[in-house]
Amino acid sequence: QPQTRQPARIDRAGSSDLGKVKRGFRAECTKAPEALWSVCATDMLTEAYRSWQLDTFSLAAATGNQPLSSLGMFLFRASGLVERFGLDPQCLATFFLVIEEGYDDAVSYHNRAHAASVMHAMHAVLNASDLAKRVAPALAWGDDAPRNEALLKMACLIAAAVHDYEHRGLSNDFLVNSADDRAMLYNDRHVNEHHHLAAAFAVLRRPECNFMAGLPAADARRVRGLVIELVLGSDMSVHSSVVDAFQCACGGAFGGATPGGATPSVAQEADEATFAPNTAEEALLFMKVVFKCCDLGHLTLDWDLHVRWVCRLEQEFFSQGDKEKELGFEHISFLMDREKQGALETQAGFYDFVVLPLFGALAGALPAARDLLARAAANRRRWAEIDGEPTAKAEAISALRARLGMPKNQ
């Protein structure tokens with residue numbers, strides 16, 4: 001077995017500042033009698049602040065099943081957002097807790113641990129790169145560059161927190177084909193994404209949750225607008241159009257799959273990025289691609305954790321397939337029929353046609369993301385080791401399911 005790669009460290013934040021946040025955060029947790037989670041979780045959060053890797057299942061175990069709210073509060077403090085914008089800490093904490101409760105633990109994949117994982121990935125990209133500095137000017141939000149960059153970071157973290165809020169483990173196609181109330185409400189367009197956004201912003205409007213109440217109206221509109229763009233852009237139905245448009249904006253220079261998981265050559269180019277957005281449209285495309293990579297961030301995690309996420313996604317898919325059979329659907333959705341191949345059997349192709357082109361595009365435009373591309377390519381090579389002779393592949397996949405206690409038929 002290949003040796004486990006150590007998480008890459010991100011050292012843009014000053015250690016003294018982070019230590020101060022850690023001590024303050026630990027003190028707050030000690031004083032709060034209602035806190036469900038152990039103060040030792042601050043060590044995990046502090047390490048995650050400078051790393052590409054975070055096991056949000058372990059974070060959930062260390063925080064009384066509060067991985068999203070604990071991470072959100074820590075990142076908002078450590079990133080200086082609370083202090084810069086004078087945010088009400090109690091309202092911020094309440095907002096995150098209410099959003100967290102909206103993630104159903106019975107949903108295998110689209111749950112609070114996933115939301116926390118996406119939030120951490122978003123933070124890691126921002127913290128390791130000059131992304132905000134390069135994107136914010138193109139958004140034309142005004143002359144206060146540091147403030148605009150901070151607003152962008154805040155919007156990105158909020159978007160990650162709410163992007164699957166109240167997800168029921170059902171795809172947009174299922175909601176449309178079953179004439180679900182949500183599909184009726186949103187006219188069959190981006191049904192899940194529209195609900196996540198509308199429901200989350202309804203939470204934000206509650207007085208006890210509105211941590212942005214003190215922001216100037218223009219800033220609040222900017223944050224809301226970017227959150228909407230990012231979450232709607234996460235719909236896989238627009239994946240190809242977003243990536244193709246980004247490639248076009250970049251002059252077609254970046255991306256491209258390399259069969260078998262070899263890292264595309266773009267990751268070996270010079271350190272200087274060759275793309276910076278010139279218009280608000282290009283800036284939004286850039287941010288959508290970043291957000292999409294973060295939403296698929298488990299594909300870059302260490303092998304065992306990545307496989308655990310794939311197994312959970314497969315279970316969610318199979319659960320939907322079961323519902324489709326109960327409702328008498330003429331065709332069961334791809335990868336959702338327990339009697340056929342599932343997500344585990346098809347990961348190699350998913351990497352080749354979706355993952356590596358996506359992460360290759362980002363790595364070409366944002367050099368700091370090359371480590372993500374390399375990690376995705378490393379996992380693709382692990383899937384290649386499994387993706388061989390049919391009988392051996394079936395045995396290997398069954399072993400993965402059994403090891404994680406997630407059999408195909410249960």
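Here is a short tour of the structure, from the whole protein down to single side chains.

Before you click, note that this is a predicted model, where local features need pLDDT of at least 70, side-chain atom pairs count only at pLDDT 80 or more, and totals for chains, interfaces and linings use all residues. Residues are numbered from 1 along each chain as its sequence is written, and side-chain values use heavy atoms, with hydrogens and water left out.

Start with a cartoon of the protein: you will find 19 helices and zero strands (DSSP runs of H or I, at least four residues, for helices, and of E, at least two, for strands, numbered from the N terminus). Now colour by burial: of the 410 residues, 56% are buried, that is, under 20% relative accessible area with a 1.4 Å probe, counting protein chains only.

Next, select residues 41–49, helix α2, and show A41, T42, L45, T46, A48 and Y49, its buried residues. Look down the axis of α2: these buried residues fall within an arc of 165°, so they line one face of the helix. The arc is taken from the directions from the helix axis to the C-beta atoms.

Then move to the rings. Select F76, F95, F96 and F211, which form one aromatic cluster. The structure holds 13 aromatic pairs, meaning rings of Phe, Tyr and Trp (its six-membered ring) with centres within 6.5 Å.

Finish with two arginines. Show R308 with F57: R308 lies over the ring face, at 3.9 Å from the ring centre. Then show R224, which lies over the face of F201, at 4.5 Å from the ring centre. Here "over" requires CZ of Arg within 6 Å of the ring centre and within 35 degrees of the ring normal.

Key: Buried < 20%, exposed > 50% of the residue type's maximum accessible area, 1.4 Å probe, protein only. Phe/Tyr/Trp six-rings, centres within 6.5 Å; stacked < 30°, edge-to-face > 60°.
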